[in-house]
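Subject: Handover of a structure and findings

Dear colleague,

Please find the structure below, followed by an account of what was found in it. I would be grateful if you would read the two together.

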Amino acid sequence: MSVKTPLMTPVLMVGCIIILVSFSIRASFGVFQIPIAEEFGWLRSEFSLAIAIQNLAWGIGQPIFGAIAEKIGDRKAIIIGALVYAAGLVLSSFAVTPEAHQVFEILVGFGIAGTGFGVILAVVGRASSDENRSMSLAIATAAGSAGQVFGAPMAEWMLSFMSWQQTFVVFAIAILAVLLLLPAMRAPAAASKEELQESMGEILKRAFKDPSYTLIFLGFFSCGYQLAFVTAHFPAMITEMCGPIAAGSTLANMGITSTSTLGAVAISLIGLANIGGTLLAGWAGKHFPKKYLLAGIYTGRTLAAAIFILMPITPMSVVVFSIVMGSLWLATVPLTSGLVAHLYGLRYMGTLYGIVFFSHQLGSFLGVWLGGRMYDLYGDYTLVWWVGVGVGAFSAIVHLPIRENRTPEAVAA
């Protein structure tokens with residue numbers, strides 16, 4: 001049985017700060033789409049592929065960093081991740097070809113893996129009591145949303161007085177600065193006797209043979225597709241496809257006078273709305289079956305995306321969509337990670353969630369790359385948006401057959 005701990009612990013607070021900074025940087029990359037393409041005269045798909053590779057590397061790196069954390073310690077894994085992240089950002093600032101950006105984004109992706117959800121949620125989960133775990137995971141996930149609130153507008157603001165290259169270097173310094181907080185991040189190895197006796201190979205074999213794990217893996221694909229596409233392409237999509245902001249309107253009076261500014265603000269609104277949505281998902285995960293909550297979230301995303309693209313894209317529809325989509329944005333993360341911990345225990349949660357997250361990042365790669373490719377072919381994002389609607393509907397359906405009863409081996413002794 002887990003030792004009861006307070007909800008807010010040093011581990012949770014430090015974890016929130018690391019995720020906030022990591023995701024502030026990661027969420028800003030869509031803002032650089034147009035400036036970098038215009039500076040070098042590239043097609044939209046060139047930098048889109050770099051971001052897509054970043055997401056794929058993040059997915060590949062997630063189970064690797066989860067295993068590293070479980071073998072040599074969480075803090076060492078985070079240090080490695082931050083160093084790789086900073087190196088990728090600094091090298092990217094010197095890149096002048098699409099191929100160079102695409103190679104260096106591999107480092108950025110691995111850096112996100114070492115400072116993001118996989119490692120942080122695993123350590124937060126181990127440091128939380130059974131009673132608080134769902135909400136602790138939600139709070140840490142909401143910190144990622146807070147990063148999204150600040151990341152894109154901050155990047156847009158920094159680009160107003162410095163180059164994108166200098167912005168990347170500042171981001172590298174920021175991710176290294178969070179390492180100063182690591183001494184406060186000490187988590188117990190909260191695992192049952194059976195979990196401690198069970199090898200990583202044994203628990204992986206058990207998970208792979210379980211149809212529910214396969215369904216969780218498949219269902220997380222569309223989450224990655226939708227989130228990465230919106231993060232990478234929505235600012236540019238709004239810049240080019242949204243109707244003008246009327247003089248004297250509420251947005252204009254707030255200083256949002258161009259559609260490019262609205263695109264950055266939309267990413268911020270999504271992150272802001274998701275803070276509440278994620279916390280609500282954490283609370284609901286304690287009281288209701290997680291598989292039905294996940295199916296409901298994907299259904300809501302699907303409907304919101306379909307209605308948005310069927311209507312004229314106006315500043316008001318952008319704001320409404322951003323708030324609705326934001327409330328459902330990362331709400332899947334505490335539910336999915338909590339479901340993995342519930343079914344298979346905490347000992348190898350980082351690795352098991354990392355493998356599921358790889359599916360998420362396959363979807364991310366496809367969403368970002370396909371967005372740029374179809375834009376170059378058709379001149380807008382309409383078709384690739386409808387693909388996102390379809391995969392969202394698929395995920396809503398695929399979660400329903402999951403068996404949520406906990407396996408005997410995962411029950412604490």
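Helix α5 (residues 98-115) has 18 residues, which at 1.5 Å a residue should span 26 Å, and its end C-alpha atoms are 26 Å apart, in agreement. The expected span of a helix is taken as 1.5 Å times one less than its number of residues. Helices are DSSP runs (H or I, at least four residues), numbered from the N terminus.

The model is predicted: local features need pLDDT of at least 70, side-chain atom pairs count only at pLDDT 80 or more, and totals for chains, interfaces and linings use all residues. Residues are numbered from 1 along each chain as its sequence is written, and side-chain values use heavy atoms, with hydrogens and water left out.

Among the buried residues of α5 are P98, H101, E105, V108, I112 and T115; buried means under 20% relative accessible area, exposed over 50%, and partly exposed in between (1.4 Å probe, protein chains only). The cover over the buried residues of α5 includes α1 (10-26), α2, α3 (44-72), α4 (74-93), α6 and α8, where contact means heavy atoms within 4.5 Å.

Helix α6 (residues 117-127) also packs with helix α17 (residues 349-378), at an angle of about 145 degrees and with the axes 9 Å apart. Axes are lines fitted to C-alpha atoms, for helices over the stretch in contact, and angles run from 0 to 180 degrees between N-to-C directions. On the α6 side F117, G118, L121 and A122 take part, and they meet M349, G350 and Y353 of α17.

Turning to aromatic residues, the count comes to 22 pairs. Rings of Phe, Tyr and Trp (its six-membered ring) pair if their centres lie within 6.5 Å; planes under 30 degrees apart count as stacked, over 60 as edge-to-face and the rest as tilted. F40 and W164 form an edge-to-face pair, 6.2 Å centre to centre with 75 degrees between the planes. This pair links helix α2 (residues 33-40) to helix α8 (residues 164-177), with F40 and W164 124 residues apart. F40 is partly exposed, at a relative accessible area of 24%, whereas W164 is buried, at 3%.

The ring centres of F234 and F321 are 5.6 Å apart and their planes stand at 50 degrees, so the pair is tilted. F234 lies in helix α11 (residues 211-241) and F321 in helix α15 (residues 315-327), so the pair ties together parts 87 residues apart in sequence. Both F234 and F321 are buried. F234 and F321 belong to one aromatic cluster with F229, F308, Y375, Y381 and W385.

Yours sincerely

Definitions and conventions
Helix = DSSP H or I, 4+ residues; strand = E, 2+ residues; numbered from the N terminus.
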